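These are my notebook entries on one chain.

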Amino acid sequence: MNSPITFGRFFLPGPTEVPPDLFDAMRRPVVGHRSAEVSGLVEGLQPAASRLFQTTRPVYLSTSSATGMMEAAITNLTRRRVLCLVNGSFSQRFHAIAEATGRPADRLETEWGKPNLPDRLRAALSEAPGRYDLVTVVHSESSTGVLNPLEELAAVVHEFDDVLIAVDTVSSLAGAPVRTDEWGLDFVLTGSQKAVALPPGLALAVASERALARAREVEYRGFYFDILKFEKNLERWQTPNTPAVSLFFALERQLARMMEEGMEARWRRHDGMARRTYEWVDRTAARTGQPWRVLAPEGYRSPCVTVIMLPAGLTGPEVVSRAAARGYTVAAGYGPLKADSFRIGHMGEHTLEELEALLAVLDDVL
């Protein structure tokens, strides 16, 4: 029989640890998904969900992974060609979805560990006037720990008529500022399993009026992820497809927790955990005389996940194994970074005190 897991020791960059009371919420009896009770639930979720996204627009609730809403961005919002800003594994996914759904797409690539910068985007859009009508970007690239300068990138997109911006905020929303309306973001999507701190299985998204106007011009939007269906069903506080109602119960409780903490305070808590991690890396490098370092450059670091590059003689899987032997979960590097790095996901409901305990264990075992 497995021994019980102690809360506060699970530091994957996704899925993150889920507060036990959310599982209690999910134990509520199942109800008909077209019932008045569920319509009331969906309606009741909207004010807090909109505050989470910093928008006055309604929030779509999709029983899917966030990849489903990435697909929605591609299939609903482009008539010509997509420009995918790529600087890690998850931003590559936007391009892969475009190819799989028959949408023409190009990649504007940046080295893993570096941010997508506004000047490069402006140059790419300027060099090919009218070629693109959609730009995709991952805000917090959890394969590298880079936080792309979303506000500045959106401002560049708005310099060009008829170009929309779609944003993956899977590992940033609820942990870093995402100001959907203020920054003029056209489509913003996230998943339930990272800084939102729910079990996997829900995607949430917001579409601007510009995005809806574009979707009306696109003939083949797909079926499951047609955003016009999501918009239409919200008029009666429903979802277009059978929802995971039990996860909605958990979302209701978690949104209440986030609103009680306050979004600004939540962002500060995540920023504090990230800064403490950077300090630990610098201190470890100084103490050992070894080239430990944070992969992402200063000024472009995600407050939700840190990728730590290791000195020779130590690998990401070894770090994971040593931490696991002490009851803690961290992640090896992603893809080509697997051997040379490990990742700490300091997001969701984690606290600075819990992070300090992890760092003390890492000091011990490394």
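I count two strands as paired if DSSP finds at least two bridges between them; strands (E, at least two residues) and helices (H or I, at least four) are DSSP runs numbered from the N terminus. This is a predicted model, in which local features need pLDDT of at least 70 and side-chain atom pairs count only at pLDDT 80 or more, while totals for chains, interfaces and linings use all residues. Residues are numbered from 1 along each chain as its sequence is written, and side-chain values use heavy atoms, with hydrogens and water left out.

Entry on the sheet. I traced seven strands in an open, mixed sheet with the order E1-E9-E8-E7-E4-E2-E3. Its edge strands are E1 (60–62) and E3 (105–109), each pairing on one side only. Within it, E2 (residues 82–86) runs parallel to E4 (residues 134–138), joined by three bridges. Which residue of E4 stands opposite Val-82? I found Leu-134 there.

Entry on the rings. I took rings of Phe, Tyr and Trp (its six-membered ring) as pairs if their centres lie within 6.5 Å, with planes under 30 degrees apart stacked, over 60 edge-to-face and the rest tilted. The count is four aromatic pairs. Phe-90 and Tyr-334 form a tilted one, at 5.1 Å centre to centre and 50° between the planes. They are 244 residues apart, Phe-90 in helix H4 (residues 89–100) and Tyr-334 in the loop between E12 (331–332) and E13 (341–345). I then noted that the planes of Trp-280 and Trp-292 are at 80°, so this pair is edge-to-face, with centres 5.9 Å apart.
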